[in-house]
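Trainee: I have not looked at this structure before. Could we go through a few of its features, one question at a time?

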Amino acid sequence: MSDPLCVLVVEDEWLIAEDIAAYLRASGYQVVGPAPSVAAALRLIRENHVDAALLDVQLHGETSLAIAEELQTLQIPFACLTGFGPRDVLPGFASFRFVRKPADQAAILSAVAELVRAS
């Protein structure tokens with residue numbers, strides 16, 4: 001049996017982060033985080049194996065762009081979780097995959113499966 005895939009969850013709202021983590025764990029993924037900030041997420045990326053990531057775009061007054069750039073450098077697939085669409089976010093985010101919030105369990109799991117297939 002192979003090891004479960006590791007998914008980094010970056011979300012600053014605790015309840016949303018816990019819901020996403022629970023969906024992933026129930027589907028057999030290992031969860032890295034959840035990380036509530038850019039600094040915490042970057043530390044988790046350095047300290048853990050990560051196969052894919054879900055990033056909230058807005059994190060307590062900062063954006064997750066630095067995390068997205070680090071994931072791109074490491075060739076780790078990710079999707080952005082946001083209530084905004086690609087035209088509503090900073091230009092640096094426009095080309096990324098998006099999952100609209102509020103996202104239900106099916107949307108989260110579908111996005112992660114797509115990320116894993118694309119990698």
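Trainee: Which residues are exposed on the other side of α1?

Mentor: This is a predicted model. Helix α1 covers residues 14-26, and its buried residues fall within an arc of 100° seen down the axis, so they line one face of the helix. On the other side, the exposed residues are Leu-15 and Ala-26.

Trainee: Which residues of α1 are buried?

Mentor: An α-helix has 3.6 residues a turn, so residues three or four places apart point the same way. What covers the buried residues of α1 includes strands β1, β2, β3 and β6 and helix α4. The buried residues are Ala-17, Ile-20, Ala-21 and Leu-24.

Trainee: Is His-60 buried or exposed?

Mentor: His-60 lies in the loop between β4 and β5, and its phi is positive, about 40°, although it is not a glycine. Exposed means over 50% relative accessible area. With a relative accessibility of 63%, His-60 therefore counts as exposed.

Trainee: What is the phi of Gln-75?

Mentor: Most residues other than glycine have a negative phi. Gln-75, in the loop between α3 and β6, is exposed because its relative accessibility is 73%. Its phi is positive, near 60°.

Trainee: Where does Pro-102 lie?

Mentor: Most peptide bonds are trans. The bond joining Lys-101 and Pro-102 is cis, with omega about 0°. Pro-102 lies in the loop between β7 and α4.

Trainee: Which strand holds Pro-34?

Mentor: A cis peptide bond joins Gly-33 and Pro-34, and its omega is about 5°. The strand in which Pro-34 lies is β2.

Note on methods
Residues numbered from 1 in each chain as written. Predicted model: local features only at pLDDT ≥ 70, side-chain atom pairs only at ≥ 80, totals over all residues. Heavy atoms only, no water. Helix = DSSP H or I, 4+ residues; strand = E, 2+ residues; numbered from the N terminus. Expected span 1.5 Å × (residues − 1). Buried < 20%, exposed > 50% of the residue type's maximum accessible area, 1.4 Å probe, protein only. Arc of directions from axis to C-beta. Contact = heavy atoms within 4.5 Å.
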